[in-house]
Amino acid sequence: MDWKFLEGLLSGVNKYSTAFGRIWLSVVFVFRVLVFVVAAEKVWSDDQGHFECNTRQPGCENICYDYFFPISHIRLWALQLIFVTCPSFMVVLHVAYRGERERKYQAKHGRSTRLYRNPGQKHGGLWWTYLMSLFMKTGCEITFLYLLHYIYDSFKLSRKVQCDISPCPNMVDCYISRPTEKMVFTYFMVGASVLCVVLNICEIFYLIASRVANLKHKGSIDTTSSRKGHHDMDCDGCKPSLRS
């Protein structure tokens with residue numbers, strides 16, 4: 001998988017993100033993508049080759065491995081990183097759409113005119129797109145955490161598992177290679193995923209709180225302006241006072 005291409009795309013999202021979004025992006029690259037590429041892939045590279053059972057029955061080891069590892073941790077995390085980062089591209093596409101509209105508007109009305117004050121500013125439809133991307137990222141994170149918890153029984157890896165699935169002749173013992181090391185990486189990746197969920201939730205509350213505060217501030221300004229305009233209208237017909 002070309003992680004550099006993914007990094008380049010997400011770097012474009014960084015300039016439109018809030019402080020929480022920039023922290024989230026750093027956590028994704030440093031604690032998830034970097035650890036995934038440098039260490040995690042190598043840890044799970046021999047998971048099936050070193051999965052051994054105390055039987056010589058052809059096909060027994062493969063069937064038992066598939067039963068206990070229906071999907072590899074490393075492939076599940078790869079899918080998780082793809083699904084979690086894809087919603088961020090919605091923001092980049094929306095900004096690109098705004099930039100194209102701005103270009104067409106200026107071509108029609110002149111270079112001095114502007115359709116948007118700042119195409120990358122989070123207001124209007126872009127604010128909703130950004131907020132929706134956060135909800136989608138949070139939903140994907142929680143879904144994959146649940147899948148990992150459901151498939152692997154609370155993220156744990158036993159040293160020995162027992163299997164009696166056909167074509168195994170009887171109850172056979174199977175042994176997982178480097179279970180402690182794999183469990184450490186599992187907890188690390190789960191912890192990084194939980195941290196990303198917390199950051200996404202914080203950013204959601206931050207966006208909503210900022211929007212509410214801006215609307216209140218705008219409402220107070222409009223109210224003050226209307227009162228001032230009403231006062232000026234009342235005084236238009238006032239007679240000047242005589243000075244003594």
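## The second largest cavity

The second largest cavity holds about 70 Å³ of space. A search of the whole structure turns up two cavities of 30 Å³ or more. Here a cavity is a set of points on a 1 Å grid over the protein atoms alone where a 1.4 Å probe fits but cannot get out, and lining residues have an atom within 4 Å of a point. Grid points are joined across faces, edges and corners, and the volume is the space filled by probe spheres set on the points. This is a predicted model, where local features need pLDDT of at least 70, side-chain atom pairs count only at pLDDT 80 or more, and totals for chains, interfaces and linings use all residues. Residues are numbered from 1 along each chain as its sequence is written, and side-chain values use heavy atoms, with hydrogens and water left out.

By type, the lining splits into seven nonpolar residues, two polar and one charged.

Now for open space: a pocket is an open set of grid points with protein on both sides within 12 Å along at least five of seven lines. The second largest pocket has about 260 Å³ of space. Tyr67, Phe68, Phe69, Pro70, Ile151, Tyr152, Asp153, Lys156, Leu157, Ser158, Val161 and Ile176 line the second largest pocket. Nine of these lining residues are nonpolar, one is polar and two are charged.

One of the residues lining this pocket, Asp153, sits just after H6 and takes a positive phi of about 55 degrees.

H6 has 27 residues, and its end C-alpha atoms are 39 Å apart, which agrees with the 39 Å it should span at 1.5 Å a residue. The expected span is 1.5 Å times one less than the number of residues. The buried residues of H5 are Ser88, Phe89, Val91, His94, Val95, Arg98, Glu102 and Gln106, where buried means under 20% relative accessible area, exposed over 50% and partly exposed in between, with a 1.4 Å probe and protein chains only. Just past H5, Gly110 adopts a positive phi of about 110 degrees.

Over in H7 you'll find Thr186, which is buried at a relative accessible area of 0%. Its side chain reaches the backbone oxygen of Lys182 at 2.7 Å.

## Three disulfides

How many disulfides are there? The count is three, taking a disulfide as a pair of cysteine sulfur atoms within 2.5 Å. Counting bonded cysteines along the chain, the pattern is 1-6, 2-5, 3-4.

Cys53 and Cys174 pair up with their sulfur atoms 2.0 Å apart, and the link is right-handed, with 100 degrees about the S-S bond. Cys53 lies in strand E1 (residues 52-53) and Cys174 in strand E3 (residues 172-175), so this pair ties together parts that are 121 residues apart in sequence. Both Cys53 and Cys174 are buried. In the Cys60 and Cys168 disulfide the sulfur atoms are 1.9 Å apart. Cys60 lies in helix H3 (residues 60-68) and Cys168 in the loop between strand E2 (160-163) and E3, so that pair joins parts 108 residues apart in sequence. The torsion about its S-S bond is about 95 degrees, so the Cys60 and Cys168 disulfide is right-handed. Cys60 counts as buried at 0% relative accessibility, and Cys168 as buried at 9%.

Cys64 and Cys163 form a disulfide with sulfur atoms 2.2 Å apart. With a torsion of about -85 degrees, the Cys64 and Cys163 disulfide is left-handed. This pair links distant parts of the chain, Cys64 in helix H3 and Cys163 in strand E2, 99 residues apart. Cys64 and Cys163 are both buried.

Definitions and conventions. Nonpolar A, V, L, I, M, F, W, Y, C, P; charged D, E, K, R; others polar. Helix = DSSP H or I, 4+ residues; strand = E, 2+ residues; numbered from the N terminus. Polar contact = N/O pair within 3.5 Å; in protein donor to acceptor, adjacent residues only side chain to side chain.
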